[in-house]
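Subject: Structure handover

Hello,

Here is the structure for you to open. My notes on what turned up follow below.

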Amino acid sequence: MARIPDDELERLKREVSIADLLRARGVELKRVGKDLRGRCPLHGPDETPSLFVDTHRNLFICHGCGAKGSVIDLVMRLEGVSFRHAVEILLADYPSVSSRPAGRPPPKRSTVQKLPALVTDEAGDGELRTRVALYYHETLKKHPEPVEYLDGRGLNPESVVDRFKLGYSNRTLGYYIPQSQRKNGKALRTRLQELGIIKSSGHELLRGSLTIPVFDEHGHVVQIYGRKIGRGLRPGVPQHLYLPGRLRGVWNRSALAESKEIVLCEALIDALTFYSAGYTNVTATWGKNGFTEELLEAFKAYATERVLIAFDRDDESEPAAIELAKRLGVEGISCFRVRFPRGMDANDYALRVTPPAQSLGVLLRSAEHVAGPLTTLVPAPAPAPETAADAPEATTPTDAAPETAQASEHAERSEAPPAAEPASPSAAQSSPPPPG
Ligand SMILES: [Zn+2]
């Protein structure tokens, strides 16, 4: 990674006001002689208060916990991040003159750009969650990491980022909340804590995550899923996060209105995998045991006829998929099981067997009827390749993952009755589907 030039570091230390940054985090500062004084946010209850800011030199020192230094040191301590990460957070909000849009004047020495407040008026919970999700969405567009992550998972950022308001939480939300002593500032922080967006420590719950909001039928965000994307996470740090409270909302609800046949995944990344490959009639449960009454009601409301259950193909998800099929079958919905090779989920499969539009299409067309009315399975044909690089001849399924396909075939044979033997990727290769 490119080294950050010294003069850029000096610029941040000079231009980003420690006092303004602390105030943006809700710290009240009062003038004492030539310094400002407030309660230190870096250590326990600071009744004294023991934090001093030298506004002239733009330095801070806490006589309680000993923390001191520049604005970079402050962000490192506040956010619990490395020097490098702290600089990146600051650069994101205070870009240098060269990267600043033309015509915008550089900030004056020892002042900061005024940060726009996240919410300035009274907003309901749904609206507040929505604004946070949209803030994360804007953040994603300014940073390469989440887009690199999507690429690495074989997802097409252009087809999913704007469509689903995917976002990135990079620990900067706090700077956009009005100061505690300002009107609404304290109340807003309290409400964001109640919604679980900010923890009692002041940190963002979803920090370091790709964020995927889930909307209700009124267009308000009711839940946000976060997937940690950083490398080298400490062992035990959860990779999958949700806002506290009930898991609700129907992701990609409009698919239910547009198609009588729905592909149902057990994870949002899997659902995005199908969507990226052109199968837009897809939604997801909240995990293998996370099918909700709300989703069932939505299926009924939109008169969904067929559900292709594309849960992971492993010992935990298989019984859950069958049980769910039976439950939906009772409701008169025709249920099919999408049979990935053993041990794989939709995303693993799409990454291993390219092009995904073709490989996923093969599996959808060969899904096995499990419960409900036995309707004829005529899923939509594989989406037309958008570019030459996506053309089917790029790689055939067996070229990409011969061993897996082989192993899967044996597994199928050993457990399934001969009459019900489903098509496997290798079987599909012997009679390839018509392209496009
Ligand atoms: Zn302190």
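First, a definition: two residues are in contact if their C-beta atoms, placed from the backbone, lie within 7 Å. Helices (H or I, at least four residues) and strands (E, at least two) are DSSP runs, numbered from the N terminus. With that in hand, look at α3 and α4. V71, I72, V75, M76 and E79 in α3 meet F83, A86, V87, I89 and L90 in α4.

Two points on the source. This is a predicted model: local features need pLDDT of at least 70, side-chain atom pairs count only at pLDDT 80 or more, and totals for chains, interfaces and linings use all residues. Residues are numbered from 1 along each chain as its sequence is written.

**Overview**

The protein has 17 helices and 14 strands. Of its 436 residues, 39% are buried (20 or more other C-beta atoms within 10 Å of the residue's own; exposed is 12 or fewer, partly exposed is in between; C-beta atoms are placed from the backbone). Take the contacts with a separation of 6 or more: 64% of them link residues 24 or more positions apart.

**Helices α3 and α4**

The two helices pack at an angle of about 105 degrees, and their axes are 9 Å apart. Axes here are lines fitted to C-alpha atoms, for helices over the stretch in contact, and angles run from 0 to 180 degrees between N-to-C directions. α3 and α4 are therefore roughly perpendicular (65 to 115 degrees; under 35 is roughly parallel, over 145 roughly antiparallel, the rest oblique).

Within α4 (residues 83-93), A86, I89 and L90 are buried. Down the axis of α4, its buried residues fall within an arc of 95 degrees, so they line one face of the helix. That arc is taken from the directions from the helix axis to the C-beta atoms. Their cover includes α1 (6-15) and α3 (71-79).

**Strand β7**

How many of the seven residues of β7 are buried? Seven of the seven in β7 (residues 209-215) are, so the strand is largely enclosed by the rest of the structure. S209, T211, P213 and F215 point one way, while L210, I212 and V214 point the other way.

β7 has neighbours to check. Strands pair if DSSP finds at least two bridges between them. Three bridges join β6 (residues 167-169) to β7, and the two run antiparallel. There, S169 stands opposite S209. Seven bridges join β7 to β8 (residues 221-228), also antiparallel. P213 has I224 of β8 as its bridge partner. β7 and β8 form a hairpin with five residues between them. G219 in that turn has a positive phi of about 85 degrees.

**Strand β13**

β13 (residues 334-337) is buried at S334, C335, F336 and R337. S334 and F336 point one way, C335 and R337 the other. Four bridges join β12 (residues 306-309) to β13, in parallel. R306 has S334 as its bridge partner. From β12 the chain crosses through helix α12 (residues 317-330) to β13, and this β-α-β crossover is right-handed (with the strands pointing away from the viewer, the path from the first strand over the helix to the second runs clockwise). β13 pairs antiparallel with β14 (residues 368-371) over three bridges. F336 stands opposite H369 in β14.

**Tyrosine 279**

Y279 lies in the loop between α10 (268-276) and β11 (282-284). Y279 is buried, with 25 other C-beta atoms within 10 Å. Leaving out residues up to four places away in sequence, Y279 touches V263, F274, L360 and L364.

Best wishes
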